Amino acid sequence: MSLSNAWDVATTSLATNAGLTSIVSRNIANAQNSSGYVSTKVGNLVTGLNGAATIASISDLANATLFNSMLSSTSATAASQALSDGVTRLQQTVGDATSTSSSTTAAQSPSTLLQALNTALQTYSSSPGSASAAAGVLSAAQNLAGGLNSASASVASVRGTADQAMVNSIATINSLLSQFQTVNTAIVKGAATGADISDALDQRDTILQNLSKQIGITTTTNSNGSMAIYTDSGATLFDVTPRSVTMAPTTTFTAATSGAAVYVDGVPVTGANAVMPIQSGALAGLATLRDNVSVQYQAQLDSIAGGLVNTFAETNSSTGAQAPGLFTYFGATSVPGSSLVAGLAGEIKVSSAVDPSQGGSLNLIRDGGINGSAYVQNTTGAAGYSAAIQKDIGALSGTVIFPSAGGLTTSSSLTDYTASSASWLDGQYQAASNQASYQSTLLSQATQALSNATGVNIDAQMSKMLDLENSYQASAKLISTINTMFGALLQAVA
């Protein structure tokens, strides 16, 4: 090899070494990048005409299988967490929380409040002439009606919060798709010209990771480096250009309100009419909370309220017609029977006719006549009369036909149905909480596996840096030697 060729090899080696050192330095600098996933950069070397290696391109270490697994786990975790957070709020309506300011316990569960009413009725039955026992029944009934009102309001609040979170999620999705288009275009152009696109690939992966938190996705990569994105149900989110994700927000939720569907490029992906229903991501979890779990629990509360109105209804002694008794609701003209009255839990109340603070009489609980003289059972006005109270106590454990919308048994006692509703919600809470924990563990494992395979390993990069330093020293020594030989050659010629 001539000295000129040796000089070319040495200087090329130095330039390559400097480029590789720069790549390793980038890896080390980005190892603790908190903005998202960053893969290890690798310099791809080729051998030149002089036999020296040069950097042809810079690429990322990639593992599509592990990356897609991480995206899938991210979506599943986000869906489970969104559902768990909402069900946790609903579950508070069946919890009996101890006050932080005293040692007393404030009952919230309709099941517990119904038991308290049953106990008050038992006490009143033993002393039907006691005004304080009658007042105890009134108080327990008002607490139960108030508990149902509060639970119904909580359901509406949870649904409204979920709806707004869905609006925010959709805004985030559209923003990420717009960012994706910019980065995707840069990757395609860079790949065509041979430019370094490794940072752009990192940016694209980070966008995909953030997008997967909002909605479950799958991707395909074309030969020119561009990528297309689809929902986990197959609806197109991005292909050359972003597709629009839309949903009309709902300002106020009542028991009869149906949440608006989410559309991807005009195709419904949530709701009863969804053509391609999404399965994961926060958006899917929020939709399940808003449109399924909360709606079913509301139906159970309305069924309990209807059962109370039916159980404590008064019967006209002449016509046999029934009218709301101890429990009624706004605009009531009849009892619900086995029909579901949407929103009844939010409207149920104790009749003002038995409330002395509203001009009523406590004795009507014992005697009947809330709806007039035709409904009076204690026709003699005897203070020891307890037949009507005993009938109410028996009715609480008697069989009632409930609407099917609650998803529980349709033939049960009011006491058992109310307890079943509480158990159902506790079960939903436990299942959602366990699923969220399980998915979080899977995500941690998937993220760690991807990091081990393609992420930046500080120890490995520092070791590589030492190798490059040794290579630099060898190239520098070679140049020094060649320089000495050139000098000796020139002296010999002179």
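1. Contacts between residues 24 or more positions apart make up 64% of those in the protein chain with a separation of 6 or more, a contact being heavy atoms within 4.5 Å. The model is predicted, with local features requiring pLDDT of at least 70, side-chain atom pairs counted only at pLDDT 80 or more, and totals for chains, interfaces and linings using all residues. Numbering runs from 1 along each chain as its sequence is written, and side-chain values use heavy atoms, with hydrogens and water left out.

2. The protein chain holds eleven helices and 15 strands. These are DSSP runs numbered from the N terminus, helices being H or I of at least four residues and strands E of at least two. Of its 494 residues, 41% count as buried. Buried is under 20% relative accessible area, exposed is over 50%, and partly exposed lies in between, with a 1.4 Å probe and protein chains only.

3. Helix H4 (residues 131–193) and helix H5 (residues 198–214) have axes that come within 9 Å and cross at roughly 160°. H4 is therefore roughly antiparallel to H5. Axes are lines fitted to C-alpha atoms, for helices over the stretch in contact, and angles run from 0 to 180 degrees between N-to-C directions. Angles under 35 degrees count as roughly parallel, over 145 as roughly antiparallel, 65 to 115 as roughly perpendicular and the rest as oblique.

4. The H4 and H5 crossing is left-handed, a term used when the near helix is turned anticlockwise from the far one by less than a right angle, clockwise being right-handed. On the H4 side the contact includes Ile173, Leu176, Leu177, Phe180 and Val183, and on the H5 side its members include Leu201, Arg204, Ile207, Leu208 and Leu211. By class, the contact of H4 with H5 has eleven nonpolar, seven polar and one charged residues. Nonpolar covers Ala, Val, Leu, Ile, Met, Phe, Trp, Tyr, Cys and Pro; charged covers Asp, Glu, Lys and Arg; the others, Gly among them, are polar.

5. Gln181 also lies in helix H4. This residue counts as partly exposed because its relative accessibility is 26%. Leaving aside neighbours within four places in sequence, Gln181 is in contact with Phe238, Val240, Thr241 and Pro242. Its C-alpha is 9.5 Å from that of Met227, 46 residues away along the chain.

6. Helix H3 (residues 110–126) has 17 residues and reaches 24 Å from first C-alpha to last, close to the 24 Å expected at 1.5 Å a residue. The expected span is 1.5 Å times one less than the number of residues. Among the buried residues of H3 are Pro110, Leu113, Leu117 and Ala120.

7. The axes of H3 and H9 come within 9 Å and cross at roughly 150°, so H3 is roughly antiparallel to H9. H3 passes H9 in a left-handed crossing. The contact is made by Leu114, Asn118, Leu121, Gln122, Tyr124 and Ser125 of H3 with Ile389, Gln390, Asp392, Ile393 and Leu396 of H9. Six of the residues in the contact of H3 with H9 are nonpolar, four polar and one charged.

8. Two loop residues complete the note. Ile278, in the loop between strand S9 (267–268) and helix H6 (282–311), counts as buried because its relative accessibility is 9%. Its contacts beyond four places in sequence include Ile215, Thr231, Val269 and Leu283. Tyr385 sits in the loop between helix H8 (363–367) and helix H9 (387–396). Not counting residues up to four places away in sequence, Tyr385 touches Pro128, Arg366, Gln377 and Asn378.
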